[in-house]
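Hi,

Here is the structure I said I would pass on. Have a look at it first, and then read on for what turned up.

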Amino acid sequence: MNTKQIKFTKKDFAKMFPDNDSCLEWLKNHLYPDGIYCPICKQITPHAKLRQRPVYACDICRHQISPLAYTIFHKSTTPLKTWFEAIFEMSTTRTGYSAKALQRSTGVTYKTAWRMFKQIRSMLGENTGKMFGMVEADETYIGGKEKNKHASKRIQSGRGTIGKLAVMGAVERNGRVTTARLQGTTIPEMHKFIYANISPTATLYSDEHSGYDGLNGYNHISVKHHAGEYVKGTAHTNTIEGFWSLVKRGISGVYHHVSPDYLQTYVNEYSFRYNHRKDERPMFHSFLNQI
């Protein structure tokens with residue numbers, strides 16, 4: 001199988017989506033690949049776009065339908081081409097694309113750019129199903145160091161994880177990744193994640209965190225990081241740790257700060273790119289396919 005992803009450049013984007021109408025036409029064809037069903041005529045009928053509105057009217061009864069309805073673009077006053085540009089920019093980077101950068105490139109306000117990216121991330125969550133084979137699991141904390149925070153927001157004492165947000169992930173070797181924000185790295189929280197996302201038939205690799213103790217029905221092998229052990233035969237967590245490194249680099253270097261309410265959507269963004277890295281179609285098209 002050829003896993004080399006087809007490149008889709010800015011020149012390709014400009015040619016394919018020169019204006020709002022071309023974006024709307026793509027969206028219409030994507031949502032209605034077999035043609036638009038008219039509920040009045042009770043059949044698929046030819047539809048033509050109205051000149052001044054982003055809607056299509058049935059050639060027979062003139063009933064109107066909008067491809068923007070029930071999508072992230074619904075009721076947005078931002079030009080559709082700007083939305084597509086935002087999706088393109090987000091899809092063509094491994095570490096993320098900031099709202100500030102979108103503001104500079106498109107001329108929208110920062111508030112608008114932030115809301116657009118929030119909406120785009122909302123469509124990137126995927127249900128990967130149970131994981132099989134050789135699966136690595138790991139927990140991490142995301143957030144800035146307390147000493148770097150403003151004095152009014154700083155927590156004065158506690159462990160190094162104080163003030164940070166717990167996230168857990170699992171990755172199949174050469175396969176998919178799945179992640180979830182946790183309330184904490186307790187045994188019940190971590191077991192719940194594992195039982196929900198990893199098949200008991202998988203071989204589970206982790207570090208020595210006590211949250212993995214007492215798993216029922218799993219072939220579980222751990223490596224003792226505190227003892228300087230990072231690889232033991234086939235046992236290691238290098239794959240999931242590499243994924244965390246990418247996530248943290250992006251969040252700290254591009255986004256700088258992430259609200260607890262939206263952390264899952266940011267992690268979903270990185271998970272989506274990872275899970276579609278082997279798609280033959282361009283990543284931009286994988287993003288568009290989520291609309």
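Before the sheet, one convention: two strands are called paired if DSSP finds at least two bridges between them. On that basis, five strands form an open sheet in the order β8-β7-β6-β9-β10, and the pairing is mixed. β8 (177–181) and β10 (219–222) are the edge strands, each pairing on one side only. On average, neighbouring strands here are turned by 20° against each other, direction ignored.

Keep in mind that this is a predicted model. Mean pLDDT for the protein chain is 90, with 92% of the residues at 70 or more. The stretch to be careful with is residues 144–160, where pLDDT stays under 50 and the model has 14 contacts beyond four places in sequence. Where pLDDT is low, the predicted coordinates should not be read in detail.

The protein chain has 291 residues, 44% of which count as buried. Its secondary structure comes to nine helices and 10 strands. Along the principal axes, the C-alpha atoms fill a box of roughly 75 × 50 × 35 Å. The chain exposes about 15,800 Å², and carbon and sulfur atoms supply 52% of that. If you take the contacts between residues at least 6 apart in sequence, 59% join residues at least 24 apart.

Back to the sheet, starting with β6. This strand covers residues 134–142 and runs antiparallel to β7 (residues 165–172), with eight bridges joining the two. Seven of the nine residues of β6 are buried, so the strand is mostly covered.

What packs on the sheet? Helix α6 (residues 187–197) does, touching β6, β7, β8 and β9 (203–206), and its direction makes about 30° with that of β7. Helix α7 (residues 238–255) lies across β6, β7 and β8, and runs at about 30° to β6.

- N197 lies in helix α6. Its relative accessible area is 16%, under the 20% cut-off, so N197 is buried. Beyond four places in sequence, N197 touches G129, K130, M131 and T178.
- S222 is found in strand β10. At 18% relative accessibility, S222 also falls under 20% and therefore counts as buried. Leaving out residues up to four places away, S222 touches S206, D207, E208, E229 and K232.

In soluble globular proteins, nonpolar side chains tend to be buried together. The largest core here has 37 residues, and F73, F84, I87, I120 and F284 touch the most other members. At least two residues of this core come from each of α2 (20–31), α3 (80–91), α4 (99–106), α5 (110–122) and α9 (283–288). Which helix gives the most? That is α3, with seven residues. For I120, the contacts beyond four places in sequence are I72, W83, A86, I87 and M90. A second, separate core has 19 residues, including I142, L246, V254 and V258.

R62 has a positive phi of about 70° although it is not a glycine. R62 sits in the loop between β4 (56–58) and β5 (64–65). With 46% relative accessibility, between the 20% and 50% cut-offs, R62 counts as partly exposed. K75 is not a glycine either, and has a positive phi of about 65°. The place of K75 is in the loop between β5 and α3. Its relative accessibility is 75%, which is over 50%, so K75 counts as exposed.

Cheers

Notes:
Residues numbered from 1 in each chain as written. Predicted model: local features only at pLDDT ≥ 70, side-chain atom pairs only at ≥ 80, totals over all residues. Heavy atoms only, no water. pLDDT = per-residue confidence, 0-100. Contact = heavy atoms within 4.5 Å. Helix = DSSP H or I, 4+ residues; strand = E, 2+ residues; numbered from the N terminus. Axes fitted to C-alpha atoms, helices over the stretch in contact; angles between N-to-C directions. Buried < 20%, exposed > 50% of the residue type's maximum accessible area, 1.4 Å probe, protein only. Areas by Shrake-Rupley, 256 points an atom, 1.4 Å probe, with all protein chains shown as cover. Core = buried A, V, L, I, M, F, W, Y, C linked by side-chain atoms within 4.5 Å.
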